[in-house]
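Dear colleague,

Please find below the structure that I am handing over to you. My notes on what was found in it follow directly after.

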Amino acid sequence: MNRLLEYLPEIYHDVIDIVELTETESQEILTVEEAISKLFDDQFVITATQIAIKRREKILGIQADPATETLDFRRKRLINRYSTKPPFTVRYLQQQLDYLVGAGLTIVSADQQSFILNVTANIENAAVFKEVEHSVRIVKPANMIYQQKTSLEGVIGLEEHISKQVISWNYKLDGTWLLDNKAFADIGMEVVIK
């Protein structure tokens, strides 16, 4: 598509040199527009390319491992690092961890009397766990102790069986039972009901 030819007078529309020249310039303009769009996208963490993410990580001193960390997680980590500005509350820390890990996978609680900050987390990814630990270290007050509690999600199976046994009493407790003569009671076979 020759976008520049329409801006020239019609007398030039039939000149082959002018048509070819404007065609080449149109391609160059498209390349420049794409570069400008990419540069604009790189200004924001959410839309940044991998090269821009790497540059921002270098500025913040983050050593990322692109082989094990997804680009989405690296973006979340950058946003987390940029948004950790005081004053902090337990609610703020809970929101940050919900953003990093996922809603409901971490529980933050504080015991003000004992100066203990508890974070219970269900995290399987080591990089995410490391970022959670960094976030808590940055956010927690200096006079509080950080206690990490691990919560693993699992399934417990439960089966129910009901059985019965008939017990026949051979003697009564009235003194008629002689020791070692007969068993006190006979236990029948176990019968499964359910």
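**Helix α3 and its surroundings**

Helix α3, residues 71-82, is made up of twelve residues and spans 17 Å from its first C-alpha to its last, which is close to the 16 Å expected at 1.5 Å a residue. Please keep in mind that this is a predicted model. The buried residues of α3 are Phe-73, Arg-74, Arg-75, Arg-77, Leu-78 and Asn-80. Their cover includes α2 (50-60), α4 and α5.

In soluble globular proteins, nonpolar side chains tend to be buried together. In this model, the largest nonpolar core has 17 residues, and those that touch the most other members are Leu-93, Leu-97, Val-132 and Val-136. At least two residues of this core come from each of α4 (90-101), β2 (116-121) and α5 (126-139).

**Salt bridges**

Side chains of opposite charge can pair when their charged atoms come close. How many salt bridges does the count come to? The count is six, and three of these pairs are described here.

Arg-3 and Glu-33 form a salt bridge in which the closest N and O atoms are 2.9 Å apart. This pair links distant parts of the chain, since Arg-3 belongs to the segment before α1 (16-41) and Glu-33 to helix α1, 30 residues apart. Arg-3 counts as partly exposed because its relative accessibility is 28%, and Glu-33 counts as partly exposed at 37%.

Glu-160 and Lys-194 meet through their side chains in a salt bridge of 3.3 Å, N to O. Glu-160 lies in the loop between β3 (145-150) and β4 (163-169), and Lys-194 lies in the segment after β5 (185-192), so this pair ties together parts that are 34 residues apart in sequence. Glu-160 is exposed, with a relative accessible area of 54%, and Lys-194 is exposed at 53%. Elsewhere, salt bridges that share partners join Glu-57, Glu-69, Arg-74 and Arg-77 into one network.

**Aromatic rings**

A pair of aromatic rings is described by the distance of the centres and the angle of the planes. The search of the whole structure finds one aromatic pair. The rings of Phe-40 and Phe-44 have centres 5.3 Å apart and planes at 70°, so the pair is edge-to-face. Phe-40 counts as exposed, with 53% relative accessibility, whereas Phe-44 counts as partly exposed, with 45%.

Which ring does the charged end of Lys-76 sit over? That ring belongs to Tyr-99, and the charged end of Lys-76 is 5.8 Å from its centre.

Yours sincerely,

A colleague

Conventions:
Residues are numbered from 1 along each chain as its sequence is written. This is a predicted model: local features need pLDDT of at least 70, side-chain atom pairs count only at pLDDT 80 or more; totals for chains, interfaces and linings use all residues. Side-chain values use heavy atoms; hydrogens and water are left out. A salt bridge is a side-chain nitrogen of Lys or Arg within 4 Å of a carboxyl oxygen of Asp or Glu. Helices (H or I, at least four residues) and strands (E, at least two) are DSSP runs, numbered from the N terminus. Buried means under 20% relative accessible area, exposed over 50%, partly exposed in between (1.4 Å probe, protein chains only). Rings of Phe, Tyr and Trp (its six-membered ring) pair if their centres lie within 6.5 Å; planes under 30 degrees apart count as stacked, over 60 as edge-to-face and the rest as tilted. A charge sits over a ring if NZ of Lys or CZ of Arg is within 6 Å of the ring centre and within 35 degrees of the ring normal. A nonpolar core is a set of buried Ala, Val, Leu, Ile, Met, Phe, Trp, Tyr and Cys residues joined through side-chain atoms within 4.5 Å. The expected span of a helix is 1.5 Å times one less than its number of residues. Contact means heavy atoms within 4.5 Å.
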